[in-house]
Amino acid sequence: MAPLPIRQIAYFVPDVRAAALAHSATFGSGPYYVAEHIALTRALHRGTPRELDHSSAYGQWGEVMIEFCQQNNPGPSAFHDLYPEGSGGQGLHHVALFVDDLDEAVAGFAAQGHQVALDAEMTDGFRYVFVDARAAYGHMLELYQPTPALTGFYETVRKSAGDFSRGVIIDISF
């Protein structure tokens with residue numbers, strides 16, 4: 001397998017806005033682009049179709065993007081696999097990796113014993129997968145292919161790092 005550098009570190013939190021503001025105040029990260037109720041056309045949690053309503057805040061922290069995720073609806077999910085619903089748990093959930101071929105990467109991780117926890121698709125056709133790597137690393141791996149829209153978003157977040165002229169929180173939609 002080719003080298004797979006971390007592109008993003010993501011935390012599961014109860015409130016993405018509060019987490020982004022606190023992280024920015026402590027570490028100087030951001031500003032944060034907040035997407036509420038990210039629309040999905042498909043969400044398969046461990047092979048079972050499920051509703052997944054989640055929100056995320058994306059900002060830059062040094063050389064890496066940071067994401068804060070919250071689940072807005074009850075029920076089983078890859079988020080609740082690590083932090084059970086109602087537990088109040090929060091913390092590191094996944095690191096994101098760019099892969100050349102998503103299905104090939106998923107198969108490679110499956111061969112190592114890491115099964116798919118979530119296979120999801122956004123309304124624009126963008127697909128991403130959470131691979132359950134808790135046994136080896138203590139967290140999930142998020143895999144996706146670097147499309148122009150995705151790399152453009154990463155570049156926008158990176159270029160805006162430290163420019164708080166529009167505030168710490170910038171609302172967006174996907």
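**Entry 1: a starting pair**

I began with Trp 61, which stands opposite Val 64 in β6. The model is predicted, so I kept its rules in view: local features need pLDDT of at least 70, side-chain atom pairs count only at pLDDT 80 or more, and totals for chains, interfaces and linings use all residues. Residues are numbered from 1 along each chain as its sequence is written, and side-chain values use heavy atoms, with hydrogens and water left out.

β5 and β6 pair in the antiparallel sense over 8 bridges. I noted the terms. Strands (E, at least two residues) and helices (H or I, at least four) are DSSP runs, numbered from the N terminus. Two strands pair if DSSP finds at least two bridges between them.

**Entry 2: the whole sheet**

How many strands does the open sheet have, and in what order? I found 11, ordered β4-β3-β8-β9-β10-β7-β1-β6-β5-β2-β11. The pairing is mixed. I then looked at the edges. β4 (48-49) and β11 (169-172) stand there with a single partner strand each, so one side of each has no neighbour in the sheet.

Next I checked β1. β1 and β7 run antiparallel, joined by 6 bridges. Ile 9 has Val 95 as its bridge partner in β7. β1 also pairs with β6, in the parallel sense, over 5 bridges. There, Ala 10 stands opposite Glu 67 in β6.

**Entry 3: around β8**

Is β8 mostly covered or mostly open? Strand β8 (residues 116-122) is mostly covered, with 5 of its 7 residues buried (buried is under 20% relative accessible area, exposed over 50%, partly exposed in between, with a 1.4 Å probe and protein chains only).

I followed β8 to its partners. Strand β3 (residues 40-45) runs antiparallel to β8, with 5 bridges between them. Leu 44 stands opposite Asp 119 in β8. β9 is also antiparallel to β8 and is joined to β8 by 5 bridges. Val 116 has its bridge partner, Val 131, in β9. β8 and β9 form a hairpin with 4 residues between them. In that turn, Gly 125 has a positive phi of about 90°.

**Entry 4: helices on the sheet**

Helix α1 (residues 16-27) lies across β2 (32-35), β5, β6 and β11. α1 runs at about 150° to β6. α5 lies across β1, β2, β5, β6, β7, β10 and β11, at about 55° to β5. These angles run from 0 to 180 degrees between N-to-C directions, with axes fitted to C-alpha atoms, for helices over the stretch in contact.

**Entry 5: pocket and cavity**

On a 1 Å grid over the protein atoms alone, a cavity is a set of points where a 1.4 Å probe fits but cannot get out; a pocket is an open set with protein on both sides within 12 Å along at least five of seven lines; lining residues have an atom within 4 Å of a point.

The largest pocket holds about 390 Å³ of space. 23 residues line the largest pocket, and the closest to its centre are Tyr 58, Met 122, Phe 126, Leu 150 and Phe 174. Which element gives the most to this lining? α5 does, with 4 residues. β5, β6, β9 and β10 are among the elements that each supply at least two.

I searched the whole structure for cavities of 30 Å³ or more and found 1. About 40 Å³ lies in the largest cavity. Its lining is Ala 43, His 45, Arg 50, Glu 51, Leu 52, Pro 76, Ser 77 and Leu 118.

Most residues other than glycine have a negative phi, and most peptide bonds are trans. I looked for exceptions. The peptide bond from Gly 30 to Pro 31 is cis, with omega near 10°. Pro 31 is in the loop between α1 and β2.

His 37 is not a glycine, yet has a positive phi of about 50°. His 37 sits in the loop between β2 and β3. Its relative accessibility is 48%, so His 37 counts as partly exposed.

Arg 46 also has a positive phi of about 50° and is not a glycine. Arg 46 lies in the loop between β3 and β4. Why does Arg 46 count as partly exposed? Because its relative accessibility is 37%. Leaving aside neighbours within four places in sequence, Arg 46 is in contact (heavy atoms within 4.5 Å) with residues including Asp 81, Asp 132 and Met 140. The C-alpha atoms of Arg 46 and Gln 115 are separated by 8.2 Å, though 69 residues apart along the chain.

Conventions:
Points joined across faces, edges and corners; volume = space filled by probe spheres on them.
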